[in-house]
Amino acid sequence: MSMNTLTDFLEQAQCQFRVYDLGRIVQKIENSEFQKVANNKQPYPYPIQQHAFVALTFWQVAAQKEHFVWFLKMPLDEQGLMKITAQTSFIRMVVEAMGENLTADVSDKTQERLASNPFVFKPSTEKLAIFNSNMNSIFVRPASSFYPAVQAYFSGSVNNQDWQTLGFQGFADLAARLDHDDNQQKIISALSTLPEQPLQTLCLCLENQSNIGSPLAEKIIEQAKQRLQQGQTTSAILLLRALASAKGQGFTKQLLDAQFSTPLLHEADWYITIAGRCWTQLQDETLLNRYFEALATHQQALFPQLFSDLVAIPALRDKVLKQLRLTARSPALSQAIGLLFSGLKPNT
């Protein structure tokens, strides 16, 4: 059988599957889109350092077995295309380890061989928790044992200072179930009085969720402004991250626009957050130029790294390159672009 791509392999194994990007935020990639990516008909949409970090969950309906997951780090070429040779190598290693029945029971020795596959990666504890919560919610499986305690905390039945024993997995469950158990309203009611640590943990989980309603988005914006006024810079940045996946991207833009007029301009993490989580906002060329101008002026040492990151994203590539040809730009941006091409290190 000809099995050169991941989707070929899964289809010939008669498996249904779903694909999620785990590189930036935990987000679904439609099967039809991933099939084009696997067959080199389009570049991978969310590259990081010339790699695609994906979670591939698959199952056989007829076998009625549990779902299986591969966490894959697949190399991309200069055009952002997923290398066919890497896919073929991964498939060959899997077949050698367990044959063509992908959902067969495997021994500990086989699991060790699969884990040592060079195309397999281990997600961070946080990404893994978020992915698990999303999967359990989507496939109508129970939440973790950490969920009730986090729910009780956000319902106000627990002192808001008693957060130290709450598990990250419970926060991820709460965020993955925004449309259940009145969770959005619980979060809205609790946000104003949340200590920094649980607030920041919540934001890390919310950034992966699209179904943030308008009342919650408005509350997040209000809190971002208040926390910044209180000197809670990290929380203000994470509250922007919380809106990264929201369907109502107008709210994300509103908060981002407001933050351009704040001391966050001097914070490296703010620029990294925009590039790594809120990059879709930079499809607005005026905002993209504003971002590069601020970056060159206040964090020039980061300019080469973040420019390289953004130019690799297919949806931004042409717009980022267009910025290089603009004649109306500040001396700081001209200098940053000049250094980018000279290979010299910018002033820190």
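Biologist: Hi! What should I know before I look?

Modeller: The model is predicted, so local features need pLDDT of at least 70 and side-chain atom pairs count only at pLDDT 80 or more, while totals for chains, interfaces and linings use all residues. Residues are numbered from 1 along each chain as its sequence is written, and side-chain values use heavy atoms, with hydrogens and water left out.

Biologist: Thanks! At what angle do the axes of α14 and α15 cross?

Modeller: Roughly 155°, and the axes of α14 (residues 285–298) and α15 (residues 303–311) come within 10 Å. Helices here are DSSP runs (H or I, at least four residues), numbered from the N terminus. Axes are lines fitted to C-alpha atoms over the stretch in contact, with angles from 0 to 180 degrees between N-to-C directions. The two helices are therefore roughly antiparallel to each other (angles over 145 degrees).

Biologist: Nice. Which residues make the contact?

Modeller: Tyr-291, Phe-292, Leu-295 and Ala-296 of α14 meet Phe-303, Leu-306, Phe-307 and Leu-310 of α15, where contact means heavy atoms within 4.5 Å. The residues of this contact divide into 8 nonpolar, no polar and no charged (Ala, Val, Leu, Ile, Met, Phe, Trp, Tyr, Cys and Pro count as nonpolar, Asp, Glu, Lys and Arg as charged, the others, Gly among them, as polar).

Biologist: Switching topic: where is Leu-324?

Modeller: Leu-324 sits in the loop between α16 and α17 (331–342). Leaving aside neighbours within four places in sequence, Leu-324 contacts Phe-307, Arg-329, Ile-337 and Phe-341. Its C-alpha atom is 15 Å from that of Gln-283, 41 residues apart along the chain.

Biologist: And how many aromatic pairs are there?

Modeller: The whole structure has 20, counting Phe, Tyr and Trp rings (six-membered for Trp) with centres within 6.5 Å. Take Tyr-271 and Tyr-291: the ring centres are 5.8 Å apart and the planes are at 55°, so the pair is tilted (under 30 degrees is stacked, over 60 edge-to-face, the rest tilted).

Definitions and conventions. Parallel < 35°, antiparallel > 145°, perpendicular 65-115°, else oblique.
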